Amino acid sequence: MKLNTIITTLSIFCSLLANAQNESKLDDFGRIVLNSYLPESSNLPLEARNLLETKLNQIASNYGMSGSEINPRFIITATINVGTKGINAGPPQ
């Protein structure tokens, strides 16, 4: 009788321990933080640079992965491709 009680108690304890480990693994997603990064060498105007950095922060925040500049281990960045460059003929307007 005591053996059955010990086995039952041990199996309940193991199942609770396994359940707690599974819940902590699901929570690991929230522990990764993304920091926005734009290289200094990019030839972007300051206003466009600020807008792009804000958008990258919004993307990370929407998924609960926004970070701080304290530990920038993981980054999110953008690749910038210039599609057209408008040149207006004549004097500046």
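Setting aside residues up to four places away in sequence, Ile-32 touches Met-65 and Phe-74, where contact means heavy atoms within 4.5 Å. The model is a predicted one, in which local features need pLDDT of at least 70 and side-chain atom pairs count only at pLDDT 80 or more, while totals for chains, interfaces and linings use all residues. Residues are numbered from 1 along each chain as its sequence is written, and side-chain values use heavy atoms, with hydrogens and water left out.

Ile-32 itself sits in the loop that runs between helix 1 (2-27) and strand 1 (34-36); helices (H or I, at least four residues) and strands (E, at least two) are DSSP runs, numbered from the N terminus. With a relative accessible area of 35%, Ile-32 is partly exposed, a class lying between buried (under 20% relative accessible area) and exposed (over 50%), with a 1.4 Å probe and protein chains only. Ser-66 is 34 residues away from Ile-32 along the chain, yet their C-alpha atoms are separated by 8.5 Å.

Strand 1 also brings us to Ser-36, which is buried at 9% relative accessibility. Its side chain makes a polar contact of 3.0 Å with the side chain of Asn-57. Such a contact is a pair of N or O atoms within 3.5 Å; within protein, one must be able to donate a hydrogen and the other to accept it, and residues adjacent in sequence count only if both atoms are side-chain atoms.

The structure holds one salt bridge, defined as a side-chain nitrogen of Lys or Arg within 4 Å of a carboxyl oxygen of Asp or Glu. Glu-40 and Arg-49 form a salt bridge, their closest N and O atoms being 3.5 Å apart. Glu-40 is exposed, at a relative accessible area of 70%, whereas Arg-49 counts as buried at 15%.

Helix 2 (residues 46-62) contains Leu-52, which is partly exposed at 22% relative accessibility. Beyond its neighbours within four places in sequence, Leu-52 is in contact with Leu-38, Leu-44, Ala-78 and Ile-80. Leu-38 lies 14 residues from Leu-52 in sequence, with 8.6 Å between the two C-alpha atoms.

For the chain as a whole, the secondary structure comes to two helices and two strands, following the pattern α-β-α-β along the sequence. Of the 93 residues, 10% are buried. Among contacts with a separation of 6 or more, 66% join residues 24 or more positions apart.
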